[in-house]
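I opened my notebook to record what I looked up in this structure, one topic at a time.

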Amino acid sequence: MRNSYWLIRHGRSLANEAGIIVSLMVRLKQLDPPHPIVALRLLLKGHLADKMDKPMVVYSSPFSRTIDTAALCVAAFGITQESDNFFLEADLRERGFGVALELQPYGQAYADIWAEDGKSLDYKPGGDGESVNDVVARLKALFVNLEKKHDGCNIVLCSHGDTLSIMAAAMTSGGDMHQHGTPAFQFENAQIKNLV
């Protein structure tokens with residue numbers, strides 16, 4: 001790859017607090033007190049300390065919880081939502097879990113979805129949600145575009161748990177996306193990982 005990629009999962013949101021699935025485009029505020037995001041910002045700054053000779057570009061899912069997290073994390077680098085290197089990217093949106101699962105408790109639902117994903121990458125949660133293969137297709141298109149558009153950049157991608165776990169599994173496990181629901185690929189709220 002021509003660029004370095006840093007994956008960030010959004011901070012805790014109202015949906016996380018309520019324990020419900022929100023995968024449709026709605027605006028939910030993030031709930032994190034400053035400390036987790038400040039810690040994440042410092043971690044990002046530490047990771048990039050010896051790489052600041054490269055330009056930074058930020059792409060965020062258009063959900064408010066990711067926009068807020070991305071903006072808070074990169075503020076230490078002088079980047080704001082209004083900067084010409086801060087973009088909203090629909091391909092980073094949350095995996096669609098289907099209308100039937102929208103606003104439903106996620107506890108057992110996610111475990112059931114990941115078990116089905118382990119059996120078939122074409123499983124569509126809720127009957128009309130996005131399969132793992134659907135998410136992989138949009139993420140591959142995104143990476144092709146990013147690699148064409150940028151060269152030698154630190155690219156920060158702020159997204160959602162399932163989208164990021166599918167991305168990490170697709171890019172680092174030899175392409176075995178069946179594993180995306182396992183702890184090795186899952187992201188905690190306000191967690192950063194380098195995509196190697």
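Predicted model: local features only at pLDDT ≥ 70, side-chain atom pairs only at ≥ 80, totals over all residues.

I then listed who makes the contact: Val132, Val135, Val136, Arg138, Leu139 and Phe143 come from H5, while Thr163, Ile166, Met167 and Met171 come from H6. Sorting these residues by type, I wrote down eight nonpolar, one polar and one charged.

**The cores**

Next I looked up the largest nonpolar core, which has 25 residues, and found that Ile155, Leu157 and Met167 touch the most other members. Strands E1 (4-9), E2 (56-60) and E4 (154-159) each supply at least two residues of this core, as do H5 and H6, and H5 gives the most, with seven residues. Setting aside residues up to four places away in sequence, I found that Ile155 touches Asn3, Ser4, Tyr5, Trp6, Val57, Tyr59, Leu146 and His150. I also noted a second, separate core of 14 residues, with Ala71, Phe77, Phe86 and Ile192 among them.

**The cysteines**

How many disulfides does the structure hold? I counted zero. For Cys158, the closest cysteine sulfur is in Cys73, 6.4 Å away, which is too far for a bond, because a disulfide needs the two sulfur atoms within 2.5 Å. Cys158 counts as buried, at 0% relative accessibility, and Cys153 counts as buried at 7%.

Terms used:
Residues numbered from 1 in each chain as written. Heavy atoms only, no water. Contact = heavy atoms within 4.5 Å. Helix = DSSP H or I, 4+ residues; strand = E, 2+ residues; numbered from the N terminus. Nonpolar A, V, L, I, M, F, W, Y, C, P; charged D, E, K, R; others polar. Buried < 20%, exposed > 50% of the residue type's maximum accessible area, 1.4 Å probe, protein only. Core = buried A, V, L, I, M, F, W, Y, C linked by side-chain atoms within 4.5 Å.
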